[in-house]
Amino acid sequence: MGRCPRPCQGIVQQLRRDALAVAGAGAAAALIALSVSATSAPAQSIANVLAGGSGAASGQKDKMLVEAKELIYNRDNDTVTASGDVQIYYQGKVLEADRVVYDRKAKRVYAEGNAKLTEPDGTVNFGSRFELSEDFRDGFIESLAAQTPDAARLTSPRAERTDADTTVFEKATYTACAPCAEHPERPPLWQIRAARIIHKKQEQTIYYEDATLELLGIPFAWIPFMSSPDSTVTRKSGLLFPHYVYKTYLGYGVGIPIYWAMAPNYDLTVTPTFLTQQGFLGDAEWRHRLAYGSYDIRAAGIFQDDPKAFPISPYGAGTRDFRGTIQSTGKFFLSDKWTFGWDTAFWSDKFFWHDYNITGDTLIADYFRESISTAYVNGQGGRGYFDLRGYYFEGLSAYDLQRQLPVVGPLLDYNKAFTLPKDRTAGIGGELTFDFNFTNLSRDLASYQSTGLRTFDSTFKLYDVCPNYTPSTKGGTCLLRGIGGQYDRVSADLSWRRNVIDPVGGLWQPFAFARVDGIWSELNKTNSDPAVVNSANPASPLSNSNQANWFGPSNDVSQTRVMPGIGVEYRFPLVASASWGSQVLEPIGQLVVRPDEKASTRTINEDAQSLIFDDTTLFEWNKFSGYDRVEGGTRLNAGAQYTVNFTSGAYANALVGQSFQLAGRNSYALGDDANTGLDSGLQNAQSYYITRVAYSPSTNYSFISKANFDNNNFALRRMDFLATMNFGHLNANIIYARYAAQPDIGFATGREGLGLSSRYNVTDHYYLNGSVAFDLTHYLLNTNIPTAPVTKTSGFAVAAYGFGVGYNDDCTTLSVNYSAGYDYANGFRTRNDTVLLQLTLRTLGTVKATQTISANAIPDGLVPQE
């Protein structure tokens with residue numbers, strides 16, 4: 001072998017190139033194409049040179065490009081060598097090295113010196129030396145360092161791939177953490193070190209044998225065998241990371257989720273949980289995605305080993321052996337405007353979700369503890385809305401008597417808005433809106449509550465009762481929160497409004513409306529619960545017959561009402577601009593004229609019992625929250641708001657207003673079966689003063705405060721305050737609320753509370769968080785004793801608190817949180833202390849561990865005995 005003599009210099013000049021494109025039998029065919037009598041040449045430019053053999057017609061998929069500074073053919077050893085920044089592109093793979101040798105006899109390719117192989121999926125393999133088959137499918141890599149498309153990293157002194165499918169990494173390490181930029185020699189935060197790591201490409205699975213999880217290079221846990229999906233997988237059958245739990249009445253437990261990806265559009269997750277005190281808890285969830293929607297079904301249940309660990313009924317599940325739940329959600333798109341769906345749950349008992357930490361989409365636990373199941377059909381167009389649905393409420397605390405909760409359905413809402421062209425409406429123009437509602441509701445047992453201090457039954461000390469069931473509207477102290485029987489109402493509302501700007505810039509909005517309601521009710525006056533009685537009147541148990549005190553002897557309570565009205569609203573914004581910003585002062589006045597509301601003493605009020613008079617309802621034509629009540633009489637609503645926008649980005653807004661009953665009967669001074677309107681701030685001819693102040697000096701700070709003041713003495717009647725602050729690494733939130741007593745609607749004492757929460761980012765990765773809730777009411781009411789007095793306490797009490805620490809980076813999320821608070825789910829004050837640890841290792845999964853210690857205050861007599 002030697003340098004090319006002068007006679008072959010012409011051939012050498014043809015071989016000078018920057019790139020050589022070859023279609024042939026394999027990756028090494030690019031080197032075969034240079035088999036000429038001249039055996040050494042600096043690389044120049046020949047394009048589209050085809051190698052001979054059967055592979056020449058293999059098609060576009062075998063097209064390749066080879067780049068190198070020098071190519072040498074050795075006829076004695078039958079090898080072709082490319083050297084100097086070698087790059088070979090073939091079937092989506094890229095092989096790079098300082099030197100690549102193709103052995104034609106062995107059909108092997110050897111690459112060394114900064115060797116690098118990039119796979120079609122984006123995986124990059126670095127090695128000191130590659131030994132590959134001629135099509136790059138199989139081979140060995142020495143001193144491997146690989147990086148996957150999701151930035152996971154794998155190292156091994158030697159790796160072997162066979163059958164283009166299985167790659168075995170000997171004495172390997174795996175991590176999803178990036179190396180430290182300042183100290184790359186340090187071990188990552190976590191890594192798995194295994195005797196062997198095996199990647200099955202077709203299975204899309206990585207197996208770990210004799211593995212050890214290391215944290216900061218220190219062995220933390222030994223795992224004899226485990227597996228995880230590779231980076232190409234979004235869902236993969238197998239075992240998921242376990243979760244751990246401890247509760248006083250459950251014992252220690254571990255749950256191991258088993259996931260089956262049965263098809264691209266449906267899967268099943270089964271989670272067996274083993275509890276040392278209660279036995280085996282099964283939990284299975286099925287998910288199915290179809291062409292036009294999806295649904296899921298979940299079932300959980302347990303045959304308890306020790307049911308006597310729980311309080312007796314109605315304070316707990318008692319001696320019930322089997323406990324469980326079935327839940328399902330679904331949503332289907334019938335068209336681009338119509339959907340059909342459901343969100344349902346059925347429980348063996350009201351305490352199952354709380355005792356076993358079962359979650360669900362139907363659960364509401366912010367204030368009321370209940371499960372709300374619904375099924376619906378709704379449609380929405382450009383300016384129209386249709387919704388048909390039903391509701392089933394299931395109470396989940398000991399205070400809930402299921403027979404007192406309603407079943408609602410069908411419930412129909414329809415809304416449509418129309419623009420009236422002035423040229424077709426004799427110059428009237430404006431917007432016409434139609435609202436329609438139909439409600440069907442039934443309840444097995446009527447629901448009562450005392451005004452002032454609440455009265456509870458003497459049998460269980462859980463359920464609201466009244467001393468004599470005399471309505472408050474007739475001089476008594478009893479409210480009817482919900483009727484026992486059947487209730488139907490249909491309501492239709494047609495309204496018109498139009499905006500007109502006068503020559504001086506004032507905005508006038510005349511409006512008119514007409515509301516029609518038809519109500520049909522069939523009271524059930526026979527059902528009762530003999531066990532729920534009042535110690536002051538044991539002969540009068542909780543009974544539907546007491547409804548006669550409100551509605552008379554007839555079971556038929558029906559009425560028709562019509563409420564028309566007209567009015568006008570006027571706003572006159574005064575605008576001023578300066579170099580530092582702009583100001584807007586806007587007086588607002590609204591006059592609504594309509595006839596009196598019918599006498600409300602025989603009005604059934606199911607959906608309008610919540611009434612909050614504040615800045616959001618000040619200018620509402622009808623301030624009641626539902627359809628069962630409608631405002632009557634002539635009312636003037638007046639106020640003004642001031643807004644400042646600073647050029648620095650700061651913002652401020654203030655509003656003050658008041659409402660006046662000018663003529664007719666004041667609807668908010670008329671008590672109905674639930675006394676809605678009384679103690680609202682609207683019950684007098686001149687309402688409470690309404691205020692709102694909001695200020696945001698920058699994007700880092702903001703607060704808003706809303707308050708109601710008595711119109712006679714300016715006493716604070718209601719206040720809500722919310723502030724958010726960002727002080728560099730510290731984020732903080734403050735929530736404060738104070739409400740005066742409202743004895744007419746069942747709140748005998750004032751309510752006051754303060755909530756604080758914050759998070760401090762110690763560094764870019766470490767943080768601390770904490771929260772605390774204070775009960776500032778200064779009153780302690782023992783709800784378990786029906787005649788208990790209201791006791792004034794010396795100061796505030798901590799209702800709940802918690803704190804935690806966490807770490808978060810590109811590969812790891814770790815948090816440890818502690819919380820403490822009081823729970824009244826079983827009707828008695830229970831202290832719960834919970835520690836939650838959650839560790840997420842990217843690409844591997846999440847491990848959770850929960851420990852809850854409950855300090856029950858339940859008397860021994862209420863716990864099942866042997």
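Let's start with a term: a residue counts as buried when its relative accessible area is under 20%, as exposed when that value is over 50%, and as partly exposed in between. Phe322 comes out at 39% relative accessibility, so Phe322 counts as partly exposed. Keep in mind that this is a predicted model. Here's a quick tour of its cores, its aromatic pairs and a few of its strands.

**Nonpolar cores**
- The largest nonpolar core is made of 41 residues.
- Leu95, Trp190, Ile197 and Tyr208 are the ones with the most contacts inside that core.
- Take Tyr208: leaving out residues up to four places away in sequence, Tyr208 touches a set of residues including Tyr174, Ile192, Pro224, Phe225 and Leu844.
- There's also a second, separate core of 29 residues, and among them are Leu401, Leu411, Tyr487 and Ile519.
- In soluble globular proteins, nonpolar side chains tend to be buried together.

**Aromatic pairs**
- The count of aromatic pairs comes to 32.
- One of these is Tyr249 with Phe310, a tilted pair with 5.1 Å from centre to centre and 55° between the planes.
- Phe303 and Phe322 make another tilted pair, with centres 4.9 Å apart and planes at 50°.
- Because Phe303 lies in strand E22 and Phe322 in strand E23, this pair ties together parts that are 19 residues apart in sequence.
- Phe303 has a relative accessible area of 61%, so Phe303 is exposed.
- Tyr249 and Phe310 also belong to one aromatic cluster with Phe352 and Tyr356.

**Charges over rings**
- Arg718 has its charged end over the ring of Tyr739, 4.1 Å from the ring's centre.
- Arg751 does this with Phe747: its charged end sits over that ring, 3.9 Å from the centre.

**Paired strands**
- Strand E47 (residues 730–739) and strand E48 (residues 751–761) run antiparallel, joined by 10 bridges.
- In that pairing, Leu730 stands opposite Tyr760 of E48.
- E48 also pairs with strand E49 (residues 766–775), again in the antiparallel sense, over nine bridges.
- Here Leu754 stands opposite Phe774 of E49.
- A hairpin of four residues takes the chain from E48 to E49.

Terms used. Residues are numbered from 1 along each chain as its sequence is written. This is a predicted model: local features need pLDDT of at least 70, side-chain atom pairs count only at pLDDT 80 or more; totals for chains, interfaces and linings use all residues. Side-chain values use heavy atoms; hydrogens and water are left out. A nonpolar core is a set of buried Ala, Val, Leu, Ile, Met, Phe, Trp, Tyr and Cys residues joined through side-chain atoms within 4.5 Å. Buried means under 20% relative accessible area, exposed over 50%, partly exposed in between (1.4 Å probe, protein chains only). Contact means heavy atoms within 4.5 Å. Rings of Phe, Tyr and Trp (its six-membered ring) pair if their centres lie within 6.5 Å; planes under 30 degrees apart count as stacked, over 60 as edge-to-face and the rest as tilted. Helices (H or I, at least four residues) and strands (E, at least two) are DSSP runs, numbered from the N terminus. A charge sits over a ring if NZ of Lys or CZ of Arg is within 6 Å of the ring centre and within 35 degrees of the ring normal. Two strands pair if DSSP finds at least two bridges between them.
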